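Trainee: I'm new to this one and a bit lost. Could you pick a single part, look at it closely with me, and then show me what sits around it?

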Amino acid sequence: MSEHQATSGVLNPLAHQFDDLEQQHDASYFGMWIFLATEIMFFGGMFAGYTIYRHEYFSAFEAGSRLLDWRFGAANTAVLICSSLTMALAVRAAQTGQRKALITFLLLTIVLGMAFLGIKFTFEWTRDWHEHIVPGINFAPQGETLKHLQDAKVALPHVELFMFFYFAMTGFHALHMIVGIGLLTVLTIMAKQGRFSPQRFNPVEGSGLYWHFVDIVWIFLFPLLYLIGGTH
Amino acid sequence: MSGHIVPQKTYFTIFALLIGLTGLTTWVASVHIEPPWNTWVALAIAVCKATLVILFFMHVKYSSNLTRIAVVAGFFWLAILLTLTLSDILTRTWIPPSTAWQTTTIESSR
(Lines give C-alpha, C1' and ligand atoms only; values in the text may rest on other atoms or scores of the structure.)
Protein backbone atom coordinates (compact mmCIF):
# COMPACT_ATOMS: atom_id res chain seq x y z
CA MET A 1 0.00 0.00 0.00
CA SER A 2 2.75 2.40 0.95
CA GLU A 3 4.60 2.14 -2.38
CA HIS A 4 1.51 3.47 -4.15
CA GLN A 5 1.24 6.44 -1.84
CA ALA A 6 4.92 7.22 -2.25
CA THR A 7 4.54 8.10 -5.94
CA SER A 8 3.68 11.76 -5.58
CA GLY A 9 1.94 13.65 -8.36
CA VAL A 10 0.35 10.51 -9.79
CA LEU A 11 -3.26 9.75 -8.85
CA ASN A 12 -3.19 6.90 -6.37
CA PRO A 13 -5.15 4.05 -7.99
CA LEU A 14 -5.83 2.40 -4.62
CA ALA A 15 -8.43 3.89 -2.28
CA HIS A 16 -7.29 3.77 1.34
CA GLN A 17 -10.08 1.46 2.58
CA PHE A 18 -8.86 -1.49 0.46
CA ASP A 19 -5.95 -3.83 1.13
CA ASP A 20 -4.94 -4.19 -2.50
CA LEU A 21 -6.08 -3.49 -6.05
CA GLU A 22 -7.64 -6.92 -6.49
CA GLN A 23 -9.86 -6.45 -3.44
CA GLN A 24 -10.80 -2.99 -4.71
CA HIS A 25 -11.70 -4.37 -8.13
CA ASP A 26 -13.74 -7.27 -6.72
CA ALA A 27 -15.65 -4.96 -4.37
CA SER A 28 -16.56 -2.61 -7.22
CA TYR A 29 -17.63 -5.45 -9.52
CA PHE A 30 -19.62 -7.18 -6.75
CA GLY A 31 -21.28 -3.91 -5.68
CA MET A 32 -22.39 -3.20 -9.22
CA TRP A 33 -24.02 -6.63 -9.41
CA ILE A 34 -25.89 -5.96 -6.17
CA PHE A 35 -27.24 -2.78 -7.78
CA LEU A 36 -28.17 -4.71 -10.92
CA ALA A 37 -30.09 -7.21 -8.74
CA THR A 38 -32.31 -4.29 -7.65
CA GLU A 39 -32.69 -3.36 -11.32
CA ILE A 40 -33.83 -6.92 -12.09
CA MET A 41 -36.52 -6.44 -9.43
CA PHE A 42 -37.49 -3.04 -10.88
CA PHE A 43 -38.03 -4.36 -14.39
CA GLY A 44 -39.19 -7.73 -13.02
CA GLY A 45 -42.31 -6.12 -11.56
CA MET A 46 -43.28 -4.79 -14.96
CA PHE A 47 -42.55 -8.13 -16.63
CA ALA A 48 -44.74 -9.87 -14.03
CA GLY A 49 -47.58 -7.40 -14.70
CA TYR A 50 -47.15 -7.95 -18.42
CA THR A 51 -47.31 -11.74 -17.92
CA ILE A 52 -50.59 -11.53 -15.99
CA TYR A 53 -52.39 -9.43 -18.60
CA ARG A 54 -50.79 -11.25 -21.51
CA HIS A 55 -52.44 -14.37 -20.06
CA GLU A 56 -55.71 -12.58 -19.31
CA TYR A 57 -56.18 -10.74 -22.64
CA PHE A 58 -54.31 -13.14 -24.87
CA SER A 59 -55.54 -12.19 -28.36
CA ALA A 60 -55.79 -8.46 -27.55
CA PHE A 61 -52.08 -8.45 -26.72
CA GLU A 62 -51.32 -10.25 -30.00
CA ALA A 63 -53.39 -7.74 -31.96
CA GLY A 64 -51.74 -4.88 -30.06
CA SER A 65 -48.32 -6.30 -30.84
CA ARG A 66 -49.13 -6.18 -34.57
CA LEU A 67 -49.71 -2.41 -34.28
CA LEU A 68 -45.97 -2.04 -33.65
CA ASP A 69 -43.52 -2.22 -36.53
CA TRP A 70 -41.27 -5.21 -35.77
CA ARG A 71 -38.70 -3.97 -38.31
CA PHE A 72 -37.81 -1.00 -36.09
CA GLY A 73 -37.69 -3.33 -33.07
CA ALA A 74 -35.32 -5.70 -34.89
CA ALA A 75 -33.14 -2.82 -36.14
CA ASN A 76 -32.91 -1.41 -32.62
CA THR A 77 -32.00 -4.85 -31.23
CA ALA A 78 -29.11 -4.99 -33.71
CA VAL A 79 -28.05 -1.44 -32.78
CA LEU A 80 -28.03 -2.33 -29.06
CA ILE A 81 -26.05 -5.53 -29.61
CA CYS A 82 -23.47 -3.51 -31.60
CA SER A 83 -23.29 -1.02 -28.71
CA SER A 84 -22.75 -3.88 -26.25
CA LEU A 85 -19.83 -5.08 -28.38
CA THR A 86 -18.23 -1.61 -28.45
CA MET A 87 -18.81 -1.31 -24.68
CA ALA A 88 -17.12 -4.68 -24.05
CA LEU A 89 -14.20 -3.55 -26.25
CA ALA A 90 -14.04 -0.24 -24.33
CA VAL A 91 -13.67 -2.12 -21.03
CA ARG A 92 -10.97 -4.27 -22.63
CA ALA A 93 -9.13 -1.16 -23.85
CA ALA A 94 -9.25 0.23 -20.30
CA GLN A 95 -7.91 -3.06 -18.90
CA THR A 96 -5.00 -3.05 -21.33
CA GLY A 97 -4.32 0.66 -20.89
CA GLN A 98 -5.05 1.74 -24.48
CA ARG A 99 -6.36 5.23 -23.86
CA LYS A 100 -7.09 6.16 -27.51
CA ALA A 101 -9.00 2.94 -28.15
CA LEU A 102 -10.92 3.44 -24.90
CA ILE A 103 -12.08 6.92 -25.93
CA THR A 104 -12.97 5.70 -29.45
CA PHE A 105 -15.06 2.78 -28.19
CA LEU A 106 -16.79 4.91 -25.56
CA LEU A 107 -17.75 7.46 -28.22
CA LEU A 108 -18.94 4.69 -30.56
CA THR A 109 -21.12 3.29 -27.76
CA ILE A 110 -22.61 6.75 -27.13
CA VAL A 111 -23.36 7.20 -30.85
CA LEU A 112 -25.03 3.77 -31.06
CA GLY A 113 -27.06 4.51 -27.91
CA MET A 114 -28.24 7.77 -29.45
CA ALA A 115 -29.08 5.96 -32.70
CA PHE A 116 -31.30 3.62 -30.67
CA LEU A 117 -33.11 6.53 -29.01
CA GLY A 118 -33.36 8.33 -32.37
CA ILE A 119 -35.13 5.36 -33.99
CA LYS A 120 -37.38 4.98 -30.94
CA PHE A 121 -38.45 8.62 -30.71
CA THR A 122 -38.73 9.63 -34.37
CA PHE A 123 -39.83 6.47 -36.17
CA GLU A 124 -41.79 4.68 -33.45
CA TRP A 125 -43.31 6.94 -30.79
CA THR A 126 -44.02 9.76 -33.25
CA ARG A 127 -45.72 7.29 -35.57
CA ASP A 128 -47.72 5.87 -32.64
CA TRP A 129 -48.91 9.39 -31.85
CA HIS A 130 -50.06 9.98 -35.45
CA GLU A 131 -51.86 6.62 -35.46
CA HIS A 132 -53.61 7.56 -32.19
CA ILE A 133 -52.41 4.50 -30.28
CA VAL A 134 -50.78 6.33 -27.36
CA PRO A 135 -52.68 5.07 -24.28
CA GLY A 136 -54.32 7.47 -21.87
CA ILE A 137 -53.73 10.69 -23.80
CA ASN A 138 -54.30 9.83 -27.46
CA PHE A 139 -55.93 6.45 -27.87
CA ALA A 140 -58.52 6.38 -30.64
CA PRO A 141 -57.48 3.92 -33.38
CA GLN A 142 -58.82 4.87 -36.79
CA GLY A 143 -58.93 3.55 -40.36
CA GLU A 144 -56.74 0.53 -41.04
CA THR A 145 -55.66 0.24 -37.41
CA LEU A 146 -59.24 0.17 -36.16
CA LYS A 147 -60.24 -2.31 -38.87
CA HIS A 148 -57.38 -4.61 -37.90
CA LEU A 149 -58.49 -4.56 -34.26
CA GLN A 150 -62.15 -5.13 -35.20
CA ASP A 151 -61.18 -8.07 -37.44
CA ALA A 152 -59.24 -9.55 -34.53
CA LYS A 153 -62.42 -9.21 -32.42
CA VAL A 154 -60.62 -7.72 -29.44
CA ALA A 155 -61.78 -5.14 -26.91
CA LEU A 156 -60.13 -1.75 -27.44
CA PRO A 157 -59.47 -1.16 -23.69
CA HIS A 158 -57.49 -4.42 -23.63
CA VAL A 159 -55.38 -3.26 -26.58
CA GLU A 160 -54.91 0.07 -24.80
CA LEU A 161 -53.61 -1.87 -21.79
CA PHE A 162 -51.05 -3.55 -24.04
CA MET A 163 -49.98 -0.13 -25.27
CA PHE A 164 -49.64 0.99 -21.63
CA PHE A 165 -47.22 -1.86 -21.03
CA TYR A 166 -45.41 -1.04 -24.28
CA PHE A 167 -44.91 2.61 -23.37
CA ALA A 168 -44.10 2.00 -19.70
CA MET A 169 -41.55 -0.73 -20.42
CA THR A 170 -39.86 0.84 -23.45
CA GLY A 171 -40.12 4.24 -21.71
CA PHE A 172 -38.24 3.06 -18.60
CA HIS A 173 -35.80 1.26 -20.86
CA ALA A 174 -35.20 4.47 -22.83
CA LEU A 175 -34.73 6.36 -19.54
CA HIS A 176 -32.04 3.84 -18.59
CA MET A 177 -30.39 4.40 -21.98
CA ILE A 178 -30.33 8.17 -21.37
CA VAL A 179 -28.72 7.61 -17.93
CA GLY A 180 -26.24 5.22 -19.58
CA ILE A 181 -25.30 7.79 -22.23
CA GLY A 182 -24.76 10.32 -19.40
CA LEU A 183 -22.45 7.87 -17.59
CA LEU A 184 -20.48 7.16 -20.76
CA THR A 185 -20.08 10.90 -21.43
CA VAL A 186 -18.53 11.37 -17.97
CA LEU A 187 -16.29 8.33 -18.59
CA THR A 188 -15.09 9.78 -21.91
CA ILE A 189 -14.11 13.05 -20.20
CA MET A 190 -12.34 11.11 -17.42
CA ALA A 191 -10.55 8.96 -20.01
CA LYS A 192 -9.37 12.10 -21.84
CA GLN A 193 -7.94 13.34 -18.51
CA GLY A 194 -6.07 10.05 -18.19
CA ARG A 195 -7.92 9.01 -15.02
CA PHE A 196 -7.99 5.30 -15.93
CA SER A 197 -5.19 2.75 -15.92
CA PRO A 198 -4.92 -1.05 -15.99
CA GLN A 199 -4.72 -0.71 -12.17
CA ARG A 200 -7.91 1.33 -11.87
CA PHE A 201 -10.64 1.07 -14.48
CA ASN A 202 -13.54 0.16 -12.17
CA PRO A 203 -15.89 2.99 -13.28
CA VAL A 204 -15.54 1.82 -16.90
CA GLU A 205 -16.28 -1.78 -15.97
CA GLY A 206 -19.23 -0.83 -13.71
CA SER A 207 -20.82 1.36 -16.36
CA GLY A 208 -20.20 -1.45 -18.84
CA LEU A 209 -22.18 -3.85 -16.64
CA TYR A 210 -25.02 -1.32 -16.48
CA TRP A 211 -25.00 -0.90 -20.27
CA HIS A 212 -25.08 -4.66 -20.88
CA PHE A 213 -27.92 -5.03 -18.38
CA VAL A 214 -30.00 -2.47 -20.29
CA ASP A 215 -29.24 -4.51 -23.42
CA ILE A 216 -30.54 -7.67 -21.71
CA VAL A 217 -33.81 -5.93 -20.79
CA TRP A 218 -34.28 -5.05 -24.45
CA ILE A 219 -33.46 -8.63 -25.52
CA PHE A 220 -36.62 -9.66 -23.62
CA LEU A 221 -38.73 -6.64 -24.57
CA PHE A 222 -38.18 -7.15 -28.30
CA PRO A 223 -39.94 -10.54 -28.69
CA LEU A 224 -42.53 -9.90 -25.94
CA LEU A 225 -43.69 -6.59 -27.43
CA TYR A 226 -42.98 -6.81 -31.16
CA LEU A 227 -43.10 -10.47 -32.11
CA ILE A 228 -45.91 -12.18 -30.12
CA GLY A 229 -48.44 -11.38 -32.85
CA GLY A 230 -46.21 -12.84 -35.57
CA THR A 231 -44.53 -10.96 -38.40
CA HIS A 232 -46.33 -12.62 -41.30
CA MET B 1 -5.62 -7.13 -10.40
CA SER B 2 -7.03 -5.85 -13.69
CA GLY B 3 -9.42 -8.77 -13.92
CA HIS B 4 -9.46 -11.34 -16.67
CA ILE B 5 -8.68 -9.90 -20.11
CA VAL B 6 -10.92 -11.61 -22.64
CA PRO B 7 -9.47 -12.08 -26.16
CA GLN B 8 -11.06 -9.78 -28.74
CA LYS B 9 -11.95 -12.80 -30.84
CA THR B 10 -14.28 -14.07 -28.09
CA TYR B 11 -16.18 -10.77 -28.08
CA PHE B 12 -16.64 -10.88 -31.86
CA THR B 13 -17.81 -14.51 -31.73
CA ILE B 14 -20.41 -13.67 -29.04
CA PHE B 15 -21.48 -10.63 -31.07
CA ALA B 16 -22.00 -12.79 -34.17
CA LEU B 17 -24.01 -15.32 -32.13
CA LEU B 18 -26.22 -12.56 -30.68
CA ILE B 19 -26.94 -11.10 -34.13
CA GLY B 20 -27.63 -14.62 -35.42
CA LEU B 21 -30.06 -15.35 -32.60
CA THR B 22 -31.82 -12.01 -33.20
CA GLY B 23 -32.26 -13.08 -36.83
CA LEU B 24 -33.52 -16.48 -35.67
CA THR B 25 -36.12 -15.06 -33.27
CA THR B 26 -37.37 -12.67 -35.96
CA TRP B 27 -37.57 -15.50 -38.51
CA VAL B 28 -39.38 -17.80 -36.07
CA ALA B 29 -42.02 -15.08 -35.58
CA SER B 30 -42.82 -15.28 -39.32
CA VAL B 31 -43.48 -19.02 -39.08
CA HIS B 32 -46.82 -20.11 -37.70
CA ILE B 33 -46.34 -21.79 -34.34
CA GLU B 34 -49.49 -22.42 -32.37
CA PRO B 35 -49.77 -19.83 -29.55
CA PRO B 36 -48.68 -19.78 -26.76
CA TRP B 37 -45.74 -21.92 -27.99
CA ASN B 38 -44.45 -19.11 -30.20
CA THR B 39 -43.92 -17.03 -27.03
CA TRP B 40 -42.07 -19.89 -25.31
CA VAL B 41 -39.76 -20.33 -28.31
CA ALA B 42 -39.08 -16.58 -28.38
CA LEU B 43 -38.38 -16.59 -24.62
CA ALA B 44 -36.02 -19.58 -24.93
CA ILE B 45 -34.00 -17.70 -27.56
CA ALA B 46 -34.02 -14.54 -25.40
CA VAL B 47 -32.72 -16.54 -22.41
CA CYS B 48 -29.86 -17.90 -24.58
CA LYS B 49 -28.96 -14.37 -25.71
CA ALA B 50 -29.09 -12.99 -22.16
CA THR B 51 -26.90 -15.85 -20.92
CA LEU B 52 -24.26 -15.10 -23.57
CA VAL B 53 -24.24 -11.41 -22.60
CA ILE B 54 -23.99 -12.19 -18.87
CA LEU B 55 -21.25 -14.83 -19.17
CA PHE B 56 -18.97 -13.11 -21.69
CA PHE B 57 -19.75 -9.39 -22.07
CA MET B 58 -20.38 -9.04 -18.33
CA HIS B 59 -17.43 -11.34 -17.41
CA VAL B 60 -19.44 -13.57 -15.06
CA LYS B 61 -17.70 -16.61 -16.59
CA TYR B 62 -14.43 -15.22 -15.19
CA SER B 63 -15.78 -13.84 -11.90
CA SER B 64 -15.56 -14.97 -8.28
CA ASN B 65 -18.16 -17.23 -6.69
CA LEU B 66 -19.25 -14.35 -4.46
CA THR B 67 -20.28 -12.34 -7.52
CA ARG B 68 -22.02 -15.36 -9.02
CA ILE B 69 -24.16 -15.64 -5.88
CA ALA B 70 -25.29 -12.02 -6.38
CA VAL B 71 -26.08 -12.71 -10.05
CA VAL B 72 -27.99 -15.91 -9.35
CA ALA B 73 -29.82 -14.33 -6.39
CA GLY B 74 -31.09 -11.52 -8.62
CA PHE B 75 -32.57 -13.87 -11.19
CA PHE B 76 -33.74 -16.34 -8.55
CA TRP B 77 -35.80 -13.55 -6.99
CA LEU B 78 -37.34 -12.85 -10.38
CA ALA B 79 -38.13 -16.56 -10.73
CA ILE B 80 -39.91 -16.53 -7.34
CA LEU B 81 -41.91 -13.46 -8.37
CA LEU B 82 -43.01 -15.00 -11.68
CA THR B 83 -43.63 -18.53 -10.34
CA LEU B 84 -45.78 -17.48 -7.38
CA THR B 85 -47.70 -14.99 -9.54
CA LEU B 86 -48.39 -17.60 -12.21
CA SER B 87 -49.29 -20.27 -9.66
CA ASP B 88 -52.17 -17.96 -8.71
CA ILE B 89 -53.16 -16.67 -12.17
CA LEU B 90 -53.00 -20.02 -13.98
CA THR B 91 -54.90 -22.04 -11.36
CA ARG B 92 -57.81 -19.69 -10.65
CA THR B 93 -60.14 -21.57 -12.98
CA TRP B 94 -59.32 -24.98 -11.52
CA ILE B 95 -61.83 -24.69 -8.70
CA PRO B 96 -64.90 -22.59 -9.56
CA PRO B 97 -65.67 -20.02 -6.87
CA SER B 98 -68.72 -20.67 -4.72
CA THR B 99 -71.80 -18.73 -5.77
CA ALA B 100 -73.77 -19.58 -2.63
CA TRP B 101 -73.17 -16.15 -1.05
CA GLN B 102 -74.76 -14.36 -4.03
CA THR B 103 -77.98 -16.35 -3.68
CA THR B 104 -78.26 -15.58 0.02
CA THR B 105 -77.72 -11.85 -0.56
CA ILE B 106 -80.40 -11.63 -3.23
CA GLU B 107 -82.93 -13.59 -1.18
CA SER B 108 -82.32 -11.61 1.98
CA SER B 109 -82.78 -8.33 0.14
CA ARG B 110 -86.22 -9.36 -1.13
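Mentor: A helix here is a DSSP run of H or I with at least four residues, and helices are numbered from the N terminus. Also keep in mind that this is a predicted model. To try the labels out, find A:Lys153, which sits in the loop between helix H6 (143–151) and helix H7 (156–192) of chain A. A:Lys153 has a positive phi, about 55 degrees, even though it isn't a glycine. A:Lys153 has 9 other C-beta atoms within 10 Å, so it is exposed.

Now for our part: helix H4 of chain A, residues 70–95. I like it as a way in, as we can follow it towards chain B and towards another helix of chain A.

Start with the partner in chain B. H4(A) packs with H1(B) at an angle of about 170 degrees, and the two axes are 10 Å apart. Angles over 145 degrees count as roughly antiparallel, so that is what H4(A) and H1(B) are to each other. On the H4(A) side, the contact is made by A:Ala74, A:Thr77, A:Ala78, A:Ile81, A:Leu85, A:Ala88, A:Leu89 and A:Arg92. Facing them from H1(B) are B:Gln8, B:Tyr11, B:Phe15, B:Leu18, B:Ile19, B:Thr22 and B:Thr26. Sort the residues of this contact by class and you get ten nonpolar, four polar and one charged.

Next, look at the partner in chain A. The axes of H4(A) and H8(A) come within 9 Å and cross at roughly 165 degrees. That angle makes H4(A) roughly antiparallel to H8(A) as well. The crossing of H4(A) past H8(A) is left-handed. Here H4(A) contributes A:Trp70, A:Gly73, A:Thr77, A:Leu80, A:Ile81, A:Ser84, A:Met87, A:Ala88, A:Ala90, A:Val91 and A:Ala94. H8(A) answers with residues including A:Val204, A:Gly208, A:Trp211, A:His212, A:Asp215, A:Trp218 and A:Phe222. By class, this contact has 14 nonpolar, five polar and two charged residues. Look back at the lists and you'll spot A:Thr77, A:Ile81 and A:Ala88 in the contact with H1(B); those three also turn up in the contact with H8(A).

Where does that lead? Into the largest nonpolar core, which has 79 residues. A:Ala90, A:Ala94, A:Leu102, A:Leu106 and A:Phe162 touch the most other members of this core. Its largest share, 16 residues, comes from helix H8 (residues 202–227) of chain A.

A:Phe213 is buried, with 24 other C-beta atoms within 10 Å. Beyond the residues within four places in sequence, A:Phe213 is in contact with A:Leu36 and A:Glu39. A:Phe213 and A:Met177 are 36 residues apart along the chain, and their C-alpha atoms are separated by 10 Å.

Finally, step back to the whole meeting of the two chains. In all, 40 residues of chain B are in contact with 43 residues of chain A. On the chain B side, H1, H2 and H3 each give two or more residues, and H3(B) gives the largest share with 14. That side has 26 nonpolar, 13 polar and one charged residues.

A cis peptide bond, with omega about 5 degrees, joins B:Pro35 and B:Pro36, and B:Pro36 lies in the loop between H1 and H2 of chain B. Then there's B:His59, in the loop between H2 and H3 of chain B, with a positive phi of about 65 degrees although it's not a glycine. B:His59 counts as buried, with 21 C-beta neighbours inside 10 Å.

How values were computed
Residues numbered from 1 in each chain as written. Chains lettered and ligands numbered in written order. Predicted model: local features only at pLDDT ≥ 70, side-chain atom pairs only at ≥ 80, totals over all residues. Buried ≥ 20, exposed ≤ 12 C-beta atoms within 10 Å, placed from the backbone. Contact = placed C-beta atoms within 7 Å. Nonpolar A, V, L, I, M, F, W, Y, C, P; charged D, E, K, R; others polar. Core = buried A, V, L, I, M, F, W, Y, C linked by C-beta atoms within 7 Å. Axes fitted to C-alpha atoms, helices over the stretch in contact; angles between N-to-C directions. Parallel < 35°, antiparallel > 145°, perpendicular 65-115°, else oblique. Left-handed = near helix turned anticlockwise from the far one by under 90°.
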